[in-house]
Amino acid sequence: MKSTLPLQEAPPQSPWFRKQPALIGVCLAVIAAVATLLLIWIFNRPNPTRASMGSCRPSATLVNPCRPWLGAAVHGNPSAASDPISQFDYLERLIGYHMDIYRDYHSPPDSGNSNADLPLNATEIHFAERADTYIDVNWKPADTWAQADGSDPAINAKIAKAADSIKRVAPHKIFLTVWWEPQQDVSPGTTTACSGQTRLKGAAGSPAQYIAMWQNVENIFRAQGVSNVVWVMNYQGAPNYYCLITPLWPGNNLIDWVIYDSYDHDDTAGTTWDNTVGRVYSQLTQDSSPSVNFDSKPWGLGEFGTCKNKNPANTQQYFLDGQSALTANKYPKLKMYIVYANTGNNSGYGCLTNYDANPTAPGSNSGAYDSTKQTDFNRLARSILGQQTP
């Protein structure tokens, strides 16, 4: 007879992953490692740390003997967080390399601007202390040049406070300009240097007062024992202000670098690297003399870019022209290139390296994303850094 016993169900099988805990542990470890590497790649690409300077150590006045410096003034790129560190880091990732110089500004105390404070701020200290990085600080210590000529104790105290702040980041050295682009701020009737050439419309004072201000700042810094400043004269590059280049010279013994700001604002083929950057370069060469000895200093671009140029093809060509001039060593005294990748001061999106200006309102904070412009800027940037360009 057949058995009438009920059928027995097979015992339940353990899931495969319970049988191989060691294998699962290995798999999880591999997944975690891959995820970690992926995150590192995402957040660091393409921004590798620069290799050691080796034999290219900068001089006492921060001249790189092997190549020019590359830097940026940054603000307003919509693809990055709004803080300046994130903005600078984002531009580095776009370029693919670490930049050398972070440029910043401090307006006069009563200007009402958001940067109306004393150097150094937290961002500047961050970059001053970052490896292989320098800061280029542009500072207006008073509302007028006469206020900072040494006659106002309150202003002198603020200058001394700024000196102490800069001294605290030593041995890190900084580039420092006392009132950038001073030509546009010269008051009418204070000089005969531009008779018949341009109409002065500033309100800061005379060239003599500018020089007195600069001398006073350096005297206070010296008295405070500050030894980590490289002094930089920063001119405006507009041709109508060439007549003020020589009158505003603080003195051969007070200046370590000469830099100037030059832009391509044109939306036609008429504005090129040569007749913007090159034109100021020629003017400085022409104006140099034993008493105003530009030739004895390294030169650089404190600001350059396209900004309000409404023609995308021209903005792209501008950077390619810059790369060609650099490759040909056409302007050998230029030892610093600082791009103005900044929408502040009514500059608009056109100043950004990856955007074109709004053609109907080029100074507005709107524009069109332009990856080709970024690619062409990268070619120039990587040439400055001495890197292979695609």
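This is a predicted model: local features need pLDDT of at least 70, side-chain atom pairs count only at pLDDT 80 or more; totals for chains, interfaces and linings use all residues.

Analyst: Start with burial. Buried means under 20% relative accessible area, exposed means over 50%, and partly exposed is in between.

User: Is Asp 89 buried, partly exposed or exposed?

Analyst: Partly exposed, because its relative accessibility is 23%. Compare Arg 130, which is buried because its relative accessible area is 18%.

User: How do I read a salt bridge between two such residues?

Analyst: Look for a side-chain nitrogen of Lys or Arg within 4 Å of a carboxyl oxygen of Asp or Glu. Arg 130 and Asp 89 form such a pair, at 4.0 Å from N to O. Then ask where each partner sits. Arg 130 is in the loop between helix H4 (122–129) and strand E3 (134–139), and Asp 89 is in helix H3, so the pair ties together parts 41 residues apart in sequence.

User: How many salt bridges does a search of the whole structure find?

Analyst: Nine. One of them joins Asp 100 to Arg 67, with the closest N and O atoms 3.0 Å apart. Asp 100 lies in the loop between H3 and strand E2 (101–106), while Arg 67 lies in the loop between helix H2 (21–44) and E1, so this bridge ties together parts 33 residues apart in sequence. Both Asp 100 and Arg 67 are buried.

User: Which residues are linked in a network of salt bridges?

Analyst: Arg 103, Asp 136, Asp 261 and Glu 303. Take one pair from it. The side chains of Asp 136 and Arg 103 meet at 2.6 Å, N to O. Asp 136 is in strand E3 and Arg 103 in strand E2, so the pair links distant parts of the chain, 33 residues apart. Both Asp 136 and Arg 103 are buried.

User: What is the nearest side chain of opposite charge to Asp 287, and how far away is it?

Analyst: Arg 279, at 11 Å. Asp 287 is buried and has no salt bridge. Asp 287 belongs to helix H7 (residues 277–287). Now list its contacts, leaving aside neighbours within four places in sequence. Asp 287 contacts Tyr 242, Ile 245, Thr 246, Val 292 and Phe 294.

User: What does the side chain of Gln 87 reach?

Analyst: The backbone oxygen of Ala 81, at 2.8 Å. Gln 87 is in helix H3. Gln 87 counts as buried because its relative accessibility is 4%. Beyond four places in sequence, Gln 87 touches Val 74, His 75, Gly 76, Asn 77, Ala 80, Ala 81 and Ser 82.

User: How do I read a whole helix? Which residue caps the N-terminal end of H9?

Analyst: Check length, ends and cover. Asp 370 is the cap: a side-chain oxygen lies 3.0 Å from the backbone nitrogen of Thr 372. H9 (residues 371–384) has 14 residues and reaches 20 Å from first C-alpha to last, close to the 20 Å expected at 1.5 Å a residue. After H9 comes Gly 386, with a positive phi near 75°.

User: Which H9 residues are buried, and what covers them?

Analyst: The buried residues are Lys 373, Gln 374, Asp 376, Phe 377, Asn 378, Leu 380, Ala 381, Arg 382 and Ile 384. Their cover includes strands E1 (69–75), E7 (299–305), E8 (334–342) and E9 (355–357). Helices H3 (84–95) and H8 (312–327) also contribute to the cover.

Terms used:
Residues are numbered from 1 along each chain as its sequence is written. Side-chain values use heavy atoms; hydrogens and water are left out. Helices (H or I, at least four residues) and strands (E, at least two) are DSSP runs, numbered from the N terminus. Buried means under 20% relative accessible area, exposed over 50%, partly exposed in between (1.4 Å probe, protein chains only). Lys and Arg count as positive and Asp and Glu as negative; His and the chain ends are not counted. Contact means heavy atoms within 4.5 Å. The expected span of a helix is 1.5 Å times one less than its number of residues. A polar contact is a pair of N or O atoms within 3.5 Å; within protein, one must be able to donate a hydrogen and the other to accept it, and residues adjacent in sequence count only if both atoms are side-chain atoms.
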